[in-house]
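Have a look at the structure first, then read on.

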Amino acid sequence: MAVMRARLATRPRANARPKGVGRVDRSSSKRQVALQARTRELGTWWEGLPARYRIVGATSLAFVICNMDKVNMSVAILPMASEFGWSAGTAGIIQSSFFWGYAVSQLPGGWLASKLSGKVVLPAGVLLWSLATALIPQAADEAILLLCLARALVGLGEGISPAAATDLISRVVPVTERSRATAVVFGGLNAGSVLGLIVAPFIINQFGWESVFYGFGALGILWAVWYLISFGGNELKKAELELEKYNGKPAEKKVEQDVPWGKFLRSKPLWALAYTHFCNNWTGFVLLAWMPTYFSNGLGLDLKNASLLSILPPVASIATSSFAAPMADKLIADGQPVTLVRKAAQAIAFLCPAICMAFTATAEDPFTAIAFLTVGLGLSSFSIAGLYSNHADLSPRYASILLGFTNTAGATPGIIGVSLTGLLLDKTDNWALSLFGPMLFFQITGALVFSIFGSGENQGYGAIRHAPRPWISSAHMKSYCCPHSTVVRQSNT
């Protein structure tokens with residue numbers, strides 16, 4: 001009897017819970033409630049931001065994903081070349097195929113952005129490059145030509161995105177904030193390089209090189225879905241109305257008219273900007289494609305360390321743009337000529353990196369070379385306040401088309417420079433001659449051309465008629481209708 005009572009005492013009750021289960025469930029529930037509360041707070045904060053800040057932030061996030069999908073091949077090319085037996089020349093051609101699509105999409109992308117607005121063109125570009133990224137592993141297994149075509153489609157999608165972003169900035173951001181907005185948006189490219197170079201080696205080592213293309217492609221598709229849900233309504237219109245109130249002038253109603261291509265082609269400042277874009281991108285695109293390989297083969301580092309050290313220049317670029325852009329905006333707000341600010345910023349972006357690249361090419365110690373390379377690429381981000389802010393200076397109305405025009409020239413180094421570097425390496429096996437020699441030439445000549453022929457003044461390529469809104473004050477209406485009024489009228493041609 002005593003034994004039976006002991007067994008009954010130790011037998012668990014039918015409705016009894018294991019010890020500690022209730023406490024775990026309550027703790028988990030509290031964490032879920034706290035997470036939901038933080039999510040609601042974040043959503044409230046996001047919705048409370050001005051519409052232009054939300055648009056700039058979302059566009060910057062797209063550019064983060066943009067460069068993640070650009071640099072993934074820079075890392076994956078090493079195990080892919082080993083698996084498929086590619087030479088440096090073949091690897092260079094494969095990497096340069098991205099720029100086949102990137103180059104041909106510039107002017108069409110600018111035209112589409114000016115007609116449909118960046119709100120439409122940007123998510124279309126993200127969807128295109130993300131789907132093409134996910135197709136790369138299958139294309140690589142089939143044939144090199146198919147792989148090149150897939151990468152060209154990635155370039156096609158990414159090629160229309162800068163014009164879309166420039167269109168959005170010119171529509172919703174005032175001139176005194178333009179350098180900072182440009183820094184935030186295009187700074188996403190550097191952030192994407194950092195994330196891509198950190199994450200890609202880990203994914204490749206754990207799951208194989210194919211997985212990096214599947215994962216990054218899926219990320220872009222998710223962004224496009226979120227953007228269409230969040231910004232598919234009247235966010236752009238809200239931001240445009242905010243800009244009208246900020247400027248204190250009536251809303252602008254664009255009248256359909258032919259794009260003044262003749263004026264573009266006769267414009268010395270625009271041609272100077274195009275050559276500047278070419279020179280700037282020779283450094284950026286060639287190093288972006290070859291830096292992990294240079295660290296691995298040229299400096300003798302393994303894949304993981306090569307990729308991790310490759311993030312240092314983009315980090316330095318982010319740090320530089322964080323103070324270069326606000327400084328440029330403050331100088332302009334304090335009354336300094338826009339032309340002077342743009343030329344000074346671009347001169348720093350060319351000449352200081354040129355000095356650093358010369359030291360990098362001749363350095364014997366790997367870490368000394370990496371240090372100079374990091375400082376040089378960091379200082380090149382002064383172009384955010386020079387080159388990349390200059391299109392909207394020349395013409396806010398046609399800023400997206402102007403970027404398409406100059407970025408067509410800017411895409412050429414991706415085709416010529418990336419493949420030429422690989423071919424020169426096959427012939428000379430000399431990194432100083434193959435990688436850094438052409439770079440120095442274009443940095444110096446680019447600084448000279450922009451300093452002599454560049455401009456930060458509105459070029460008057462086209463005029464826009466204005467349609468007044470009822471809320472505009474009579475004083476501003478008088479200033480608009482009567483040019484001799486004391487209220488300053490702002491041009492947006």
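Helix α21 (residues 431–453) gives the largest share of a nonpolar surface patch, four residues. Helices here are DSSP runs (H or I, at least four residues), numbered from the N terminus. The patch is made up of Leu 351, Ile 444, Leu 448, Ile 452 and Phe 453, and together they have about 480 Å² of accessible area. Leu 448 is one of the residues that sit in α21. To join a patch, a residue needs over 30% relative accessible area and no salt bridge; nonpolar side chains (Val, Leu, Ile, Met, Phe, Trp, Tyr) are linked within 5 Å, and like charges within 9 Å. Areas come from the Shrake-Rupley method with a 1.4 Å probe, and for residues only the protein chains shown count as cover.

A word on the source: this is a predicted model, where local features need pLDDT of at least 70 and side-chain atom pairs count only at pLDDT 80 or more, while totals for chains, interfaces and linings use all residues. Residues are numbered from 1 along each chain as its sequence is written, and side-chain values use heavy atoms, with hydrogens and water left out.

Now for the inside. There are four cavities of 30 Å³ or more. A cavity is a set of points on a 1 Å grid over the protein atoms alone where a 1.4 Å probe fits but cannot get out, and lining residues have an atom within 4 Å of a point. Points are joined across faces, edges and corners, and the volume is the space filled by probe spheres set on them.

| Cavity | Volume | Lining by class |
|---|---|---|
| Largest | about 660 Å³ | 18 nonpolar, 15 polar, two charged residues |

The largest cavity is lined by 35 residues, and the closest to its centre are Leu 189, Asn 190, Asn 280, Gly 284 and Tyr 388. Helix α14 gives the largest share of that lining, nine residues. α14 also supplies at least two residues to the lining of the second largest cavity, as do α3 and α5 (98–104). Among the residues around that second cavity are Lys 70, Arg 151 and Phe 285.

Next, the salt bridges: there are four, each with a side-chain nitrogen of Lys or Arg within 4 Å of a carboxyl oxygen of Asp or Glu. Glu 177 and Arg 52 make one of them, at 3.0 Å from N to O. Glu 177 is in the loop between α9 and α10 and Arg 52 in helix α3, so this pair ties together parts 125 residues apart in sequence. By contrast, Lys 330 and Asp 334, bridged at 2.8 Å, are both exposed.

Two loop residues are worth a click. Ser 117, in the loop between α6 and α7 (118–142), has a positive phi of about 85 degrees although it isn't a glycine. Asp 429, in the loop between α20 and α21, also has a positive phi, near 55 degrees. Ser 117 is buried at 7% relative accessibility, whereas Asp 429 is exposed at 65%.

Key:
1 Å grid on protein atoms, 1.4 Å probe; cavity = no way out; pocket = protein on both sides within 12 Å on 5 of 7 lines; lining within 4 Å. Nonpolar A, V, L, I, M, F, W, Y, C, P; charged D, E, K, R; others polar. Buried < 20%, exposed > 50% of the residue type's maximum accessible area, 1.4 Å probe, protein only.
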